[in-house]
Amino acid sequence: MQLKRNIIIFSFFLVISLLSACSYREFEDSLKGKLNKDDEEEIVNTVTLPETASDNEDNSLFSVGDTIRFTDVVDETVEYTLHHVTISDNINDLGLDKSDFNDRSLIEDDGTVDGTHQLVTVDVRIKNKDSRGFDFDEDQNKALLFAEPAVGFKDGIEDPDGPFLLHASYFSNHSPLDQNQGQDYYKFLLGIGEEIDVTVGWFVPTDLLEEEPLYYIIGYEGHAEDFQYFQLTLDGGFE
């Protein structure tokens, strides 16, 4: 009799436990769903490319020969002047060395670029107006800056789940490839008031290049809403 009563009591608490576990899982699933929904709402991309050049530098398209003055959240400014844009099927045409590329997967031994891509490069003059960068080398009196490494097409930049961008595979003034396991590739030092000429390059799908304008993005390390853009005219240049 005692055994039967113990079994009944045990069964009762087992049922309660199972119901509680189910209820908690439902609550947990509901909470996760709400959090995921909230996260989705927070990451919706609302960036819209400027349509044309304008007097308002915060909402303008720039082109070859123009200068973008990018000021960060601490009111420090770096200037970027776009001098030239090129497109190539072979890195040797530009006098580039395969060993200097961060990503060499699309380069053949003879320098030819994979048939579905082309190499787009920009020549840019960077001037450090008054930025102390991400870090400041007091010994050399120079700021640690990052090359602007991103380009994109309109659909990718404005995609609600984006922006989706292409990352540079080449930077002429890169740090040693083996430094910090390659994480320092895009870093360089530039003193306040100094300027430097650099080349940045991307492997871009040929079919997209034939259909859409490509945009070079300044301000990549910040918020997408603060991006500024050079519209790349691939057959143009500025000396």
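## Close-up views of a predicted model

**View 1. Strand 5 pairs with strand 6.** These two strands run antiparallel. How many bridges join strand 5 to strand 6? There are three bridges. Look for Asp-135, which stands opposite Leu-144 in strand 6. In a regular strand, side chains alternate between the two faces of the sheet.

**View 2. Strand 2 and strand 3 form a hairpin.** Five residues lie between the two strands. The pairing of strand 2 and strand 3 is antiparallel and spans five bridges. Phe-70 has Val-78 in strand 3 as its bridge partner.

**View 3. The largest pocket has a volume of about 540 Å³.** Its lining holds 23 residues, and those closest to the centre are Phe-70, Asp-72, Val-73, Phe-134 and Glu-221. Strand 2 (67-71), strand 3 (77-88) and strand 6 (142-146) each give two or more residues to the lining. Which element gives the largest share of the lining? Strand 2 does, with three residues. By residue type, the lining divides into nine nonpolar, seven polar and seven charged. Rolling a probe the size of a water molecule over the atoms shows where empty space is left.

**View 4. Glu-79 and Lys-129 form a salt bridge.** Side chains of opposite charge can pair when their charged atoms come close. Here the closest N and O atoms of Glu-79 and Lys-129 are 4.0 Å apart. Glu-79 lies in strand 3, while Lys-129 sits in the loop between strand 4 (117-128) and strand 5 (135-137). The pair therefore ties together parts that are 50 residues apart in sequence. Is Glu-79 buried or exposed? Glu-79 is buried, because its relative accessible area is 14% and the cut-off for buried is under 20%. Lys-129 is partly exposed, at 39%. Arg-69 joins Glu-79 and Lys-129 in a network of salt bridges.

**View 5. Lys-98 and Asp-109 meet within a loop.** Their side chains form a salt bridge, at 3.7 Å from N to O. Both Lys-98 and Asp-109 are in the loop between strand 3 and strand 4, 11 residues apart. Lys-98 is partly exposed, with a relative accessible area of 27%. Asp-109 counts as exposed, at 78% relative accessibility.

**View 6. Glu-158 and Lys-154 pair in helix 2.** Their closest N and O atoms are 3.0 Å apart, and the two residues form a salt bridge. Where do they sit in helix 2 (residues 154-158)? They are four residues apart, so about one helical turn separates Glu-158 from Lys-154. Glu-158 is partly exposed, with a relative accessible area of 22%. Lys-154 also counts as partly exposed, at 30% relative accessibility. The count of salt bridges in the model comes to eight.

Notes: Residues numbered from 1 in each chain as written. Predicted model: local features only at pLDDT ≥ 70, side-chain atom pairs only at ≥ 80, totals over all residues. Heavy atoms only, no water. 1 Å grid on protein atoms, 1.4 Å probe; cavity = no way out; pocket = protein on both sides within 12 Å on 5 of 7 lines; lining within 4 Å. Points joined across faces, edges and corners; volume = space filled by probe spheres on them. Nonpolar A, V, L, I, M, F, W, Y, C, P; charged D, E, K, R; others polar. Buried < 20%, exposed > 50% of the residue type's maximum accessible area, 1.4 Å probe, protein only. Pairing = 2+ DSSP bridges.
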